Amino acid sequence: MGIRMGKTAFIFPGQGAQYSGMGKDFFETYDIAKKVYVTAGEAAGMDVAQLCFTENDRLDVTEYTQIAMLATEVAILKVLEQKGIHADCAAGLSLGEYGALAAAGVMELPELFWLIRCRGIFMQEAYPVGGAMAAVLGLDADTIGRVCEETSGTVSIANDNCPGQIVITGEAQAVQAACEKLQEAGAKRCVPLKVSGPFHSALLAGAGEKLAAELEKVSVKAPEIPYLCNVEADYVTDSAPIKGLLARQVSSTVRWRETMERMLADGVDTFIEIGPGRTLAGFLKKMSRDAKVLNVAKVEDVDAVTAFFGQEA
């Protein structure tokens, strides 16, 4: 950013952090944020602002959660950019990777919102019943991966979030069986997640194929800032691999712990979590006590961020 010795990253949360009313204060305060919700609504063919701001049952359904979360994240991002807050790199967890794509400027917003709408629908439809996910607490990734491989049926690691918290995914029976074995292997707890499908598992390969077809319809540019992809936990610096990575991401493990470790190793010392909740901040605290994490979920949070960077000037 030029005013600080360390590096700054924008990070974007995934599903689970959404709540009714998210982003409403940005919509009402900033024209640039309002424009984002309108753009998202036009691209998705629905009233995204109403979806986000009113009490409804759809907000927790994947088909709708994804467009709602992304619209809110991008609305907040655009306000920060307007205030002169920029990042050296970006990353997002699962659907949050699309927030990172927005920060990196790799495609036009209408196309980005169209893609996330398609992604939500395809993931919702891919495996409507019989799938499950569970958070495994207090066990390492190698042990969890081995137990999943030894369990009959389809079960694998969906998210490697941070040390001590890994999410598994797959067929409901296989997930349950793996949870029993994992607790025998020393896991503190296995917590079933309230989700509508076995996300980031091989069972969603079909959704990835459908998304690949939609990706062929959009144009992507080289990232203006590098972003780290979930599939490889590595930087994407040119346009060539982007479509393939996004198609694979639907059924691949989200390598979030490695992503954060890579950023920390590369000198990122300030992380701005853009969007609802403090999930990513919680993960990061388990990896680094020194990293500064700022959350921007409400309008008043913007002042804290601008003040922080102003003080650093």
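Student: At what angle do helix α6 and helix α9 pack, and how far apart are their axes?
Tutor: This is a predicted model. In it, α6 (residues 109-126) and α9 (residues 205-215) pack at about 160°, and their axes are 9 Å apart. That makes α6 roughly antiparallel to α9, because angles over 145 degrees count as such.

Student: Is the crossing left-handed or right-handed?
Tutor: The crossing of α6 and α9 is right-handed.

Student: Which residues meet there?
Tutor: From α6, W114, L115, C118, R119, F122, M123, E125 and A126 take part. On the α9 side they meet A207, K210, L211, E214 and L215. By class, the contact of α6 with α9 has nine nonpolar and four charged residues, with no polar ones.

Student: OK, over to α7. Which of its residues are buried?
Tutor: In α7 (residues 141-150), the buried ones are A141, T143, I144, G145, V147 and C148.

Student: What covers them?
Tutor: The cover includes the strands β3 (131-137), β4 (155-162) and β5 (165-171). It also includes the helices α8 (172-184) and α11 (256-265).

Student: What does D140 reach at the start of α7?
Tutor: A side-chain oxygen of D140 comes to within 3.2 Å of the backbone nitrogen of D142.

Student: You listed α8. At what angle does α7 pack with α8?
Tutor: The angle is about 135°, with the axes 9 Å apart. That makes α7 oblique to α8. The crossing of α7 and α8 is right-handed. T143, I144, V147 and E150 of α7 make the contact with A178, K181 and L182 of α8. By class, the residues of that contact are four nonpolar, one polar and two charged.

Student: Different topic. Where is S252, and is S252 buried or exposed?
Tutor: S252 is in the loop between α10 (242-249) and α11. S252 counts as buried because its relative accessibility is 19%, and the cut-off is under 20%.

Student: What does its side chain reach?
Tutor: The side chain of S252 reaches the backbone oxygen of R248 at 2.7 Å. Leaving aside neighbours within four places in sequence, S252 is in contact with A158, H200 and V231.

Student: And P128, where is that, and is P128 buried or exposed?
Tutor: P128 lies in the loop between α6 and β3. At 59% relative accessibility, P128 counts as exposed.

Student: How far apart are P128 and G170?
Tutor: P128 and G170 are 12 Å apart in space, C-alpha to C-alpha, and 42 residues apart in sequence.

Notes: Residues are numbered from 1 along each chain as its sequence is written. This is a predicted model: local features need pLDDT of at least 70, side-chain atom pairs count only at pLDDT 80 or more; totals for chains, interfaces and linings use all residues. Side-chain values use heavy atoms; hydrogens and water are left out. Buried means under 20% relative accessible area, exposed over 50%, partly exposed in between (1.4 Å probe, protein chains only). Helices (H or I, at least four residues) and strands (E, at least two) are DSSP runs, numbered from the N terminus. Contact means heavy atoms within 4.5 Å. A polar contact is a pair of N or O atoms within 3.5 Å; within protein, one must be able to donate a hydrogen and the other to accept it, and residues adjacent in sequence count only if both atoms are side-chain atoms. Axes are lines fitted to C-alpha atoms, for helices over the stretch in contact, and angles run from 0 to 180 degrees between N-to-C directions. Angles under 35 degrees count as roughly parallel, over 145 as roughly antiparallel, 65 to 115 as roughly perpendicular and the rest as oblique. A crossing is left-handed if the near helix is turned anticlockwise from the far one by less than a right angle, and right-handed if clockwise. Ala, Val, Leu, Ile, Met, Phe, Trp, Tyr, Cys and Pro count as nonpolar, Asp, Glu, Lys and Arg as charged, and the others, Gly among them, as polar.
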